[in-house]
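Subject: Structure handover and notes

Dear colleague,

I am passing on the structure that we discussed, together with my notes on it. Please open it below and keep it beside you as you read.

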Amino acid sequence: MPDRTEYILELEGICKHFGNLTANDHISFKVRRGSVHAIIGENGAGKSTLMSILTCIKKQDSGRIIMNGKAVDFHSPKEASESGIGMVYQEFMLYKGMTVAENIIMGCERTDAGFLNMKKNIKKVEEICDSYDFRLPLKSRIDELPVSVLQQVEIVKVLYREAQLIIFDEPTSVLTPQGVRGLFKAMRELTGKGKTILFITHKLKEVLEIADHITVLKDGRVTADMKNENVSERELAKLMVGREVLYDIRRKKNRIGREVLLVKDLTVKDRKGILRLKKASFSVHSGEIVGIAGVAGAGQKELGEAIVGITRPEPGSEILLCGEPVGHMSIGERRKRGLGYVPQNRIKDGVNLKGSIWENTMMGYHLEHGRKQGFLIDFKDVSSFARAVVEDYSVKIQDISDRAFELSGGNIQKLIVGREMLQGKSFLIIEDPTRGIDVGAIELIRKKIAALSESGVGILLISHELSEVIQLSDRILVAYDKHIIEPEDSSQLTEEELGLLMTGGGQDENKIS
Amino acid sequence: MKIRSRDLRILCIQYAQALIITVILGGILIRAQGESPTEALKYILEGAVGSPTAIANTLRWATPCMFTGAAVTLAFKSGIMNCGIQGQVYTGALIAAIIGYALPMPKFLHMPICILAAGIVGMLYALIPALMKLYLKVDELITTLMLCFVATYLTEYIVIWMIIGEKVDATRSMANTSPNILETAEIPKLIQGTSTSYGLFLGVAVLIIISLVYRHTVIGYEMKQMGENLSFSRAGGVNTSKMFLGVFLISGFIAGLCGGVEVTGSYGRFNINFSGNIGWDGIMIARIAGNNPLSVIAVSLIWGALKAGSMQMERMTSLNRLSVNIIQMLFVLFVAIDYEKLIAEFNRRKATAKFKRQEEMKC
């Protein structure tokens, strides 16, 4: 057992530069043993960089890390892990084809004379589960389990490696409000048994609820370091962003027009033939924003892919775009009939990082515009469209021949959203439009979505950010266990109620409780 | 739309450095074999540009490089790993040779039909891996590589057992080649008395057309985007399966043309395994040219010059032509270094070091 110093971790003047960008600028703070220590900040404030320095994925340019009162200098992530720092990542690091137990043990197998003793290992995992009150199906395969359970697997994995300090990187972004309750209970359990938790987040309510101590990062600096006593959400927001943010987008009720999308009995199987969506039926009208809420993996991803045309639905499914059946058509043909698409994974599907700005804005637009004599590129048209996107959506570039990899995440997202919105489409699928981008870009994109629907476009908004769905949608559908259901009075639902629906609790049950 | 000065600078640095390192290593290599590097270089230059015949030789060897370079550039730029150029060249060459000797035709028809047939057969040979990828999801890198061997041995089999075998008495002396093609099937020679033909211009034309397609047409735009990010272009409405098939087939067609031009323009018959390197040369040339069709012309000329020159060097010194091959490979190796990333990394380190110095001064 290491010395029982008061502080398990002390950081002194950590600096990290990427070229001209200062990601961490003399960051210093102390983490008390057995506490929940929250680190908050906007995207780009330097949280992730700091965490990758702690776990030795990156190396600091200067500054000291002190653990248990002794300065440490890790040379590999493995050393960091052996000294008791464990991380629960936002994107789970689990192997889908393997069982829960195998995932937990992997990379840290205990052996008898060089041979793997699975029984012994599993016994150890069971002991951990018992002592921290986790109920995990150790023999199940990862891809059969819901997200909230996977997170517990990640936690047990870290505990199995005997971590003393556990870093949670935005752990609640994948959970329903009910899942968040469970996580906080687990966190309390952990600190009760002497573990220390670093809680990285940008959700202020959660911080106020669970944290003992709060460190605020802004532009790579520590702007506040305080106990969680008599702090208000407003104050924290101001410290974090530097100005008051109100994501208040006033939406008036638009005039609902004709039906732009009708989905009937949509059934989708994935490549392995596993059923992902079962008989989904709903419609979207022009001037209407229909939001889809659901925990990750509930079928909303497959729903989007099937409507866009990336995957083929099962026979019997019907997709009508502006009254015309499009189920058999290619993506290009659907786009020509008025479909716009902002994909969830913007780097993979939304943008060509190697290409120039104009090449990126041209994609999709080129199907019907920007041509001379049918097959030549009309550079005048293409570049004026690129300039229009860049100006209307304030994408920060110098020239439209700049390459896309020079842009930040927020600017890339503005570029994609602008490209899809300015083409005069009649129906748009928008997936996670504000994930992981800066505040300014979030505000702009949400305003543009609202304005677009006012101009009479029908929008299907698939987002994992519940507050976003509630704020923007006229109607909310819930994806739960391969089904799409439409709750009554969906625009009046609170986050809590939606959370219940997302995990299978009915509206009535909710009222009783 | 335009090449920016920074990109151009990096490009120049890239080639200059590769050239310098290659010259130094090549010099050491030649010296190690007991010959004088300057002497060797003199003979290479002499053989490449020293006389009209030398220049003709250079152009002759540059011609197939342009075709294979074009075939590879087209495929790679769209993200298709067509490594089966070799096989497509061979099958195309054989069909051109067979039509050339066996089917008498009027002069104005015979030669174009030979070349066209070569292209079509090359294309059909590329259809096999393309369909295997689309319907069976077999990686085209593997299938094209394997089909190279199939083509090499299949053409050999056909020539020895089916073509020579038939009239074994008459052609015993000319083992391992098909009969000479008829005069009507030959491409006119560009320079009389050499094996340089007008096929050269066909190669240049193909590359110029490819370049124009990429720069100015919507389909060229789609091809480039598909190569740079497949799922981006699919989500953007590009019919990627159709495009994949189309580009693969055209790539095979150009490789087939190469075989046709080699037979009707230079060799005049099908020699078994007539150039074991032709397909790989194309891959290397495309790599050096950075998949830019116009650069392929320049690189092909250098390639041809090296080949013609190294033959002269071999005749005049004790050095082996393989030395030049090694030097060529070294050049490819050095050009393949990603200088842009290296420079970025260098700048980052410099900035970090500068920052550290400032920190120390503050302390």
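Two strands are taken to pair if DSSP finds at least two bridges between them, and helices (H or I, at least four residues) and strands (E, at least two) are DSSP runs numbered from the N terminus. This is a predicted model, in which local features need pLDDT of at least 70 and side-chain atom pairs count only at pLDDT 80 or more, while totals for chains, interfaces and linings use all residues. Residues are numbered from 1 along each chain as its sequence is written, chains are lettered from A and ligands numbered from 1 in the order in which they are written, and side-chain values use heavy atoms, with hydrogens and water left out.

At one end of the order, strand E4 (residues 62–67) of chain A pairs with E5(A) in the antiparallel sense over 3 bridges, and A:Ile66 stands opposite A:Ala71 of E5(A).

The six-stranded sheet

A second open sheet, of 6 strands, has the order E6-E9-E10-E3-E11-E12 in chain A, and its pairing is mixed. Strand E6 (85–88) and strand E12 (221–227) of chain A are the edge strands, each pairing on one side only, and neighbouring strands are turned by 20° against each other on average, direction ignored. E6(A) and strand E9 (residues 165–169) of chain A run parallel and are joined by 4 bridges, with A:Leu165 in E9(A) as the bridge partner of A:Ile85. Helix H5 of chain A packs on this sheet, where H5(A) touches E6 and E9 of chain A and its direction makes about 170° with that of E6(A); contact here means heavy atoms within 4.5 Å.

Strand E3 (36–40) of chain A is among the strands that helix H6 (residues 177–192) of chain A lies across, together with E9 and strand E10 (196–201), and H6 runs at about 150° to E10(A). E3(A) is mostly covered, as 5 of its 5 residues are buried, where buried means under 20% relative accessible area, exposed over 50%, and partly exposed in between (1.4 Å probe, protein chains only). A:Val36, A:Ala38 and A:Ile40 point one way from E3(A), A:His37 and A:Ile39 point the other way, and all are buried. E3(A) runs parallel to E10(A), with 5 bridges joining them, and A:Thr201 in E10(A) is the bridge partner of A:Ile40. E3(A) also runs parallel to strand E11 (residues 213–218) of chain A, through 4 bridges, and there A:Ala38 has A:Ile214 as its bridge partner.

A helix crossing

The axes of helix H4 (residues 118–132) and helix H5 (residues 147–160) of chain A come within 10 Å and cross at roughly 110°. H4(A) and H5(A) are therefore roughly perpendicular to each other, a term that covers 65 to 115 degrees, whereas angles under 35 degrees count as roughly parallel, over 145 as roughly antiparallel and the rest as oblique. The contact is made by A:Asn121, A:Lys124, A:Val125, A:Ile128, A:Cys129 and A:Tyr132 of H4(A) and by A:Val156, A:Leu159 and A:Tyr160 of H5(A).

Two individual residues

A:Ile319 has its place in strand E16 (residues 318–321) of chain A, and it counts as buried because its relative accessibility is 2%. Among the residues that A:Ile319 touches, not counting those up to four places away in sequence, are A:Leu261, A:Leu262, A:Leu266 and A:Arg334. A:Thr311 is found in the loop between helix H9 (300–308) and E16 of chain A, and at 21% relative accessibility A:Thr311 counts as partly exposed. With the same exclusion of residues up to four places away in sequence, A:Thr311 touches A:Val268, A:Glu302, A:Glu305 and A:Ala306.

With best wishes

Conventions
Axes fitted to C-alpha atoms, helices over the stretch in contact; angles between N-to-C directions.
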